[in-house]
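Welcome! Please take a moment to look over the sequence and the 3D view, and then we can walk through a few parts together.

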Amino acid sequence: MTSQLRIIPLGGLGEIGKNMMALEYEDDIVIIDCGVQFPEEGMFGVDLIIPDISYLMDRIDKVRAILITHGHEDHIGALPFILPKLKCPVYAPRLAHGLITAKLKERRAARDSVVNPIDPNVVHQIGEAFEVSWFRVCHSIPDAMGIAIGTPLGTVIHTGDFKIDHTPVDGRIFDLPVLRRWRTDLQASHDGLRRLAAPRVMAPAVLLGAAAWLSEGMALWLILRGLEAGIPIAQAVPIYAAATLVGAVSALPGGLIGTEGSMIALLQQSGISRAAASSGTLLVRLATLWFAVAVGLLALLWLHHFKNMAATSPDSAASSDSETGDTALPSAR
Ligand SMILES: [Zn+2]
């Protein structure tokens, strides 16, 4: 895995104001917030301080979008100065969208700017690498949001500014359930990958899987020998079914703790939701199980067919003579 996710704070860390952060993965960069800082007492003649975007200007072809968390000046104030240089679309919650639009008009920077209003919990594909969705948080301004940025290496949660307020005046509470879901998903994929690497889990999983295949193979072999020896198929099928069941049951713990857990985790790492990854994995497991059962039953029916033909053919005496031979099949010709 050579690709890296770079997280580059361009302002707002260790200081108040000019919040701006870039996420870079391969050929894509997204930027979170684009705020100003207000000058201190001694900074005579300075109206506003904006972030240094020379890192972005050097990689201008990679810049895909600016994502806004909320409408405070220290998060949107630098847009009229920086947007004309970066020339990328802006995505913002609706109140911030209104404030930004007015601000761009006022500074005559509205032309050529694309500002998209967003709603929470809607996924936007941005560039090749990023799947972005916003979630509601509480803050001292309405319509504030955090951002979940799905990347090929995992999900980055940027809360924006927030406070936990269970009774906000606008009634729009912090979406803690969605944050909890992210936490669970991240924990699950982390646990899944850790499990994959643990030999004490993988070893029994592999052994149980091998035992499952072995028991099915043994069952098929026993049935073939049984048919050869003239045991009717009505008796052979239950043996095969029982062996398949034993195989499936012995494979189950191995599958659950090892292969499947890891598969779900790996699917989640590639950006597929936990629900989709789990149901996809289950479907694959069921499909392979039924495929094995179907192949086994077809083999039985096929052999039974030839057995009957051998029994009714004139040289059936030869087939009973050939019990020490490989199978009854050659005599069916
Ligand atoms: Zn704020």
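## Before we start

This is a predicted model, in which local features need pLDDT of at least 70, side-chain atom pairs count only at pLDDT 80 or more, and totals for chains, interfaces and linings use all residues. Residues are numbered from 1 along each chain as its sequence is written.

## A parallel pair and its crossover

Strand S5 (residues 90-93) and strand S6 (residues 115-118) run parallel, joined by four bridges. Helices (H or I, at least four residues) and strands (E, at least two) are DSSP runs, numbered from the N terminus. Pro93 has Ile118 in S6 as its bridge partner. Between S5 and S6 the chain passes through helix H4 (residues 94-106), making a right-handed β-α-β crossover (with the strands pointing away from the viewer, the path from the first strand over the helix to the second runs clockwise).

## An open sheet

Four strands, in the order S7-S8-S9-S10, form an open sheet with antiparallel pairing (two strands pair if DSSP finds at least two bridges between them). Strands S7 (124-126) and S10 (154-158) each have a single partner strand, so one side of each is left without a neighbour in the sheet.

S7 pairs with strand S8 (residues 130-136) over three bridges, and His124 has Val132 in S8 as its bridge partner.

## A buried loop residue

Ala129 lies in the loop between S7 and S8. Ala129 counts as buried because it has 23 C-beta neighbours inside 10 Å (the cut-off is 20 or more other C-beta atoms, placed from the backbone). Ala129 and Asp27 are 102 residues apart in sequence, and their C-alpha atoms are 8.2 Å apart in space.

Definitions and conventions
Buried ≥ 20, exposed ≤ 12 C-beta atoms within 10 Å, placed from the backbone.
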